[in-house]
Amino acid sequence: MFFGSLGDRIGRQRTLALVVLLISGATLLIGLLPTHATVGVLAPILLVLLRTAQGFSAGGETGNAYTFLTEYAPEHRRGFFTSFGNVSAFLGALLGSSIVTVEYLVLSDAAMESWGWRLPFLIAGPIGVIGLYLRLKLEDTPHFKALDAEGAVEQAPLRGALRTEWRPIIRCGLIGAMHGVGFYMVLTYIPSYLAEKEAVGSAGAFVATMTALVVAIAVLPLTGYLSDRIGRRKVTIAACVGYLLLSYPAFSLMLSGELAKAILGAIFGIYGRAVRLHGGAVSHREAGQFVLPRLQHLRRGTGWYDPVHRRVPRVAHRNELSPTWYLGAVAVLALVSALLSKETAGRPLRRA
């Protein structure tokens, strides 16, 4: 909400430059943090503050980056152009995981715990400088420049949007929630879920997750192209149906304990995430806050869970497929929202 409002007031380009400076600086500082042995309790406090800065800036990146791509894209190719926002996010996840994996292969456990863990964070320094240089060289979008020239830039965009656009905000929020659940499901929950399986393990979980990411990278531009050709509603509806139809078989395959089936299950699990091009920045991030704890809660059983004593007072069976209920519920809400939304493919963006 903060950076989306800021982008509407000062422009997408300047906001994106500020965001990359903040997130790369926070990430670099994590790599330079003193240890608990050196500064005591100040170390975890600083870590939490820097992680908060990362999350704060990541929220600003999501909305402004997609808006920037959308407003620069030709009207008949907006879906295809905007899909590369998600492609770059998946490539970043793939690159980050690959760097850590290579480190584990070439460094000893002692070296990783001593200094190896810092290297991926320190890489953010030069990457941030390059990113800032590129963004400072960009011009703002023609859409924003036209609003600025007409003196039509909204000075209180958040308040104005909530007052006049609350209905589409709710619809986009519900569709975006499916996007957020899929994102954190693939990159957070599924790796830890598979790592628990003895026959799969951490290495197998990495292979399954990375395979799913590669498939998503390949599928995203195609679905962006399809959304330009047949419409956003149809593609979004297909994503919702994909969640409903594929969630149960995906988890069933991952439960098998066989690596090949686990990989196939992870690919199924990413289907809806890849097909759904992008969602609202707020709903995407907020959905992520709830995914992992809710899914873990569901797997503990269907009775009343006591978080203080970490037990289920009323004995209930452990249902490993219960996360599919969560995905199904979100998909149904997103499907209803998509059906109630108007088609936007091929239509010009509104000037205000």
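This is a predicted model: local features need pLDDT of at least 70, side-chain atom pairs count only at pLDDT 80 or more; totals for chains, interfaces and linings use all residues.
The axes of α12 and α13 cross at roughly 130 degrees and come within 7 Å.

**Where α12 meets α13**
- On the α12 side, the contact uses Thr223, Leu226, Ser227, Asp228 and Ile230.
- On the α13 side, Arg232, Lys234 and Val235 take part.
- By class, this contact has 3 nonpolar, 2 polar and 3 charged residues.

**Helix α12 itself**
- Helix α12 covers residues 201-230 and has 30 residues.
- From its first C-alpha to its last, α12 reaches 41 Å. That is close to the 44 Å expected at 1.5 Å a residue.
- Where does α12 have a kink? The kink lies at valine 219, shortly before proline 221, and is about 30 degrees.
- Glycine 231 follows α12. Its phi is positive, near 115 degrees.

**α13 with α16**
- Helix α13 spans residues 232-255, and helix α16 spans residues 323-340.
- Their axes come within 9 Å and cross at roughly 165 degrees. An angle over 145 counts as roughly antiparallel, so α13 is roughly antiparallel to α16.
- The crossing of α13 past α16 is left-handed.
- From α13, the contact is made by Arg233, Thr236, Ile237, Cys240, Tyr243, Leu244, Ser247, Tyr248 and Phe251.
- From α16, the residues in contact include Pro323, Thr324, Leu327, Gly328 and Ala331. Val332, Ala334, Leu335, Ala338 and Leu339 of α16 also belong to this contact.
- Sorted by class, the contact of α13 with α16 has 14 nonpolar, 4 polar and 1 charged residues.

**α2 with α8**
- Helix α2 (residues 12-31) packs with helix α8 (residues 124-137).
- The angle between them is about 175 degrees, and their axes lie 9 Å apart.
- Why are α2 and α8 called roughly antiparallel? Angles over 145 degrees count as roughly antiparallel, so this pair gets that description.
- On the α2 side, the contact is made by Gln13, Leu16, Ala17, Val20, Leu21, Ser24, Thr27 and Leu28.
- On the α8 side are Ala124, Gly125, Gly128, Gly131, Leu132, Arg135 and Leu136.
- The contact of α2 with α8 divides into 8 nonpolar, 6 polar and 1 charged residues.

Key
Residues are numbered from 1 along each chain as its sequence is written. Side-chain values use heavy atoms; hydrogens and water are left out. Helices (H or I, at least four residues) and strands (E, at least two) are DSSP runs, numbered from the N terminus. The expected span of a helix is 1.5 Å times one less than its number of residues. The bend at a residue is the angle between axes fitted to the seven residues ending there and the seven starting there. Axes are lines fitted to C-alpha atoms, for helices over the stretch in contact, and angles run from 0 to 180 degrees between N-to-C directions. Angles under 35 degrees count as roughly parallel, over 145 as roughly antiparallel, 65 to 115 as roughly perpendicular and the rest as oblique. Contact means heavy atoms within 4.5 Å. Ala, Val, Leu, Ile, Met, Phe, Trp, Tyr, Cys and Pro count as nonpolar, Asp, Glu, Lys and Arg as charged, and the others, Gly among them, as polar. A crossing is left-handed if the near helix is turned anticlockwise from the far one by less than a right angle, and right-handed if clockwise.
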